[in-house]
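Subject: Structure handover

Hello,

Here is the structure I promised to pass on. Please open it alongside this note.

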Amino acid sequence: MGERILDVNNLEINFHTYAGDVKAIRDVSFHLDKGETLAIVGESGSGKSVTTKSLMGLLANNARVVGGSIMYHDEDILKKSEKQMQDIRGKDIAMIFQDPMTSLDPTMKIGRQIAEPLMKHKNVEKKKALAQALEILKLVGIDHAEERINEYPHQFSGGQRQRIVIAIALVCYPEILIADEPTTALDVTIQAQILDLMKELQQKIETSIIFITHDLGVVAGMADRVAVMYAGQIIEYGSVDEIFYNPQHPYTWGLLNSMPTLNSTDLQAIPGTPPDLLDPPKGDPFAARNPYAMKIDEKEKPPFFKVSETHFASTWLLHPDAPKITPPDEIVRRKKIFKKMQANVN
Amino acid sequence: MPENQKKVLEVKHLKQYFGVGKPDMVKAVDDISFDIYDGEVFGLVGESGSGKTTAGRSIIHLYNPTDGQIIFNGKDVSSFKSKKEKLEFTRNMQMIFQDPQASLNPRMTVEDIIAEGIDIHGLAKDKAERRKKVEDLLETVGLNRDHASRYPHEFSGGQRQRIGIARALAVEPSFIIADEPISALDVSIQAQVVNLMKDLQKERGLTYLFIAHDLSMVKYISDRIGVLHYGRLLEVGPADDVYLTPLHDYTKSLISAVPEPDPEFERTRQRVPYDASIEQDKEGQPRKLREITPGHFVRCSEEELSFYQERAANYKKEKQETPSV
């Protein structure tokens with residue numbers, strides 16, 4: 001992989017509410033290399049969206065960054081003013097939101113919406129910007145682009161609108177593209193098209209992608225590396241093969257187990273619900289739902305144990321003194337695939 | 001499904017049009033027919049706008065069907081002569097809705113929400129029995145007895161969907177229509193709710209019409225599946241047959257687009273493009289569902305029959321050539 005372009009260190013974010021401070025992000029660290037796709041996986045409330053909003057400087061008013069840093073080109077994004085962030089946002093770091101219905105301006109022609117970042121950030125004059133908008137509109141696969149550039153968002157279908165959102169995000173050739181559940185609102189066939197489009201464009205303009213989703217199927221097809229989040233923390237990260245074929249944290253097991261595939265005959269649900277982050281658990285946040293939990297899981301948060309050069313997991317099960325346990329059948333099956341893959345490499 | 005099994009629901013040439021007589025008339029459901037047998041789960045899949053939700057709503061009479069017949073337990077329920085008839089129908093057929101946020105009245109306690117049906121049908125003698133029934137239902141769906149006095153906003157999405165299920169079960173129906181019951185829930189919670197629905201079905205001998213766009217989940221829960229597109233049923237068959245040996249090009253394309261949590265598989269995935277123009281009806285070649293292999297139907301004309309028969313035969317040949325692993 002290429003050079004490192006983003007480094008998030010020990011990020012902590014609280015949300016102030018009437019009931020007290022919600023500790024939404026607790027000691028989160030990760031990095032992003034040039035040209036790669038990092039998937040952040042987690043359920044709602046796990047903190048995946050908050051993490052990326054902090055990268056964009058788009059946190060809600062009641063959010064407070066308590067600690068940590070986000071280093072982008074040796075500068076801490078968290079220390080930048082709103083005015084400085086406006087220069088970065090949309091130019092160097094762009095974002096695709098989940099819902100293409102609400103992320104476009106209904107009163108503005110789409111050509112103007114695509115051209116806007118160019119005029120704003122790169123001082124391109126209107127005529128030229130519109131010409132470039134037309135180019136990128138063709139690139140994202142909108143037919144009859146010459147005519148449609150003068151239409152309004154409501155004249156497009158959901159999939160087309162998401163293509164337009166992607167066009168807006170990519171028109172300035174950003175270094176980092178953050179995609180927050182970009183296909184969740186779409187049908188499977190349209191989802192497949194959008195994912196293919198994103199992969200293709202990533203190659204063309206050499207952008208790095210942070211892909212946020214709860215859909216492990218999408219992750220398997222898109223990501224180079226995966227970080228799994230739970231209750232405001234990253235609990236495991238590694239290459240896509242390591243996470244899918246050699247998962248270590250029981251929560252990752254649970255996620256893989258509860259996803260139906262076209263061949264599954266038995267679904268193992270994760271019992272219970274995620275913890276309340278007003279008062280997060282002291283130890284492993286997953287302990288209460290974890291059938292493999294040990295006493296220490298309730299008392300002390302496990303550190304990251306190294307599985308390989310690229311793969312780390314925060315579970316006491318990896319401690320040398322931990323008892324040997326057998327993971328669920330589905331995970332055993334996956335680990336067998338991993339062994340085979342490694343044997344093929346060596 | 002074996003021939004001797006009892007048909008619970010027969011949908012015959014159901015049509016549901018909106019804006020009839022206006023230039024922008026929409027044929028949301030356009031002449032669909034299928035049967036659901038006693039104790040089975042029938043999955044209805046389709047993309048947004050395919051008419052799957054409309055079909056469910058027409059069957060349970062949230063809309064008045066434009067045309068066609070719905071026969072439930074041997075009786076024509078396409079229209080009701082009296083209020084009594086409608087009551088008897090809704091007692092036996094209940095619905096679970098997609099959005100647990102919107103489908104529970106925020107001003108009612110959980111007890112009143114669940115017991116509304118019990119009250120309407122007069123199923124409880126007194127307050128104590130009503131309360132007992134609600135508490136038993138709460139336990140059945142995996143909630144606590146003391147949740148009865150709380151309000152919907154005090155619950156998570158998954159818990160709310162459990163309340164929705166308890167409400168549907170309250171009048172002891174034999175048939176439940178579940179319209180995207182899990183699509184608003186988190187992954188780890190989806191499996192919980194689907195497993196609950198599966199268990200309830202076994203315990204109580206329920207029959208489900210399970211409507212969803214999530215193909216892998218539909219495959220997991222359903223015995224038979226119908227594929228809907230542009231308001232028409234394109235393919236109907238046993239779940240395994242539809243997934244392993246899809247006959248219609250649309251079904252093939254749909255299945256080829258389902259993401260699998262398996263990177264190796266994703267790297268070699270071949271997507272099947274679909275050209276919807278093949279669905280255009282041709283003059284003088286009426287299409288309807290025709291049986292290709294036992295229980296497996298595809299919408300085609302007389303002329304297209306041989307094409308699909310050949311496709312099915314090819315699947316069979318492939319299967320014989322590759323021994324199962």
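Below is what was found, starting with the contact between the chains.

First, the ground rules. This is a predicted model, where local features need pLDDT of at least 70, side-chain atom pairs count only at pLDDT 80 or more, and totals for chains, interfaces and linings use all residues. Residues are numbered from 1 along each chain as its sequence is written, chains are lettered from A and ligands numbered from 1 in the order in which they are written, and side-chain values use heavy atoms, with hydrogens and water left out.

**Between the chains**

Chain A brings 37 residues to the contact and chain B brings 32 residues. Contact here means heavy atoms within 4.5 Å. The two chains bury about 3100 Å² between them, with 58% of it on carbon and sulfur atoms. Buried area is the accessible area (1.4 Å probe) that two parts lose on being put together, summed over both. On the chain B side, B:Val187, B:Tyr220 and B:Pro261 lose the most area to chain A; together they make up 21% of what that side buries.

Two salt bridges span the interface. The term needs a side-chain nitrogen of Lys or Arg within 4 Å of a carboxyl oxygen of Asp or Glu. B:Arg267 and A:Asp241 meet in a salt bridge, at 2.8 Å from N to O.

Which helices of chain B each supply at least two residues of the side that touches chain A? They are α6 (187–204), α7 (215–221), α9 (249–256) and α10 (263–267). Helices are DSSP runs (H or I, at least four residues), and strands are too (E, at least two), numbered from the N terminus. α6(B) gives the most, with seven residues.

**Within chain A**

Helix α3 (residues 110–121) and helix α4 (residues 126–139) of chain A have axes that come within 8 Å and cross at roughly 115°. Axes are lines fitted to C-alpha atoms, for helices over the stretch in contact, and angles run from 0 to 180 degrees between N-to-C directions. Among the residues making this contact are A:Ile114 and A:Leu118 of α3(A), and A:Ala133 and A:Ile136 of α4(A).

The whole structure holds 43 salt bridges over all chains. One joins A:Arg4 to A:Asp33, with the closest N and O atoms 3.6 Å apart. This pair links distant parts of the chain: A:Arg4 lies in strand β1 (residues 4–17) and A:Asp33 in strand β2 (residues 20–33), 29 residues apart.

Best wishes
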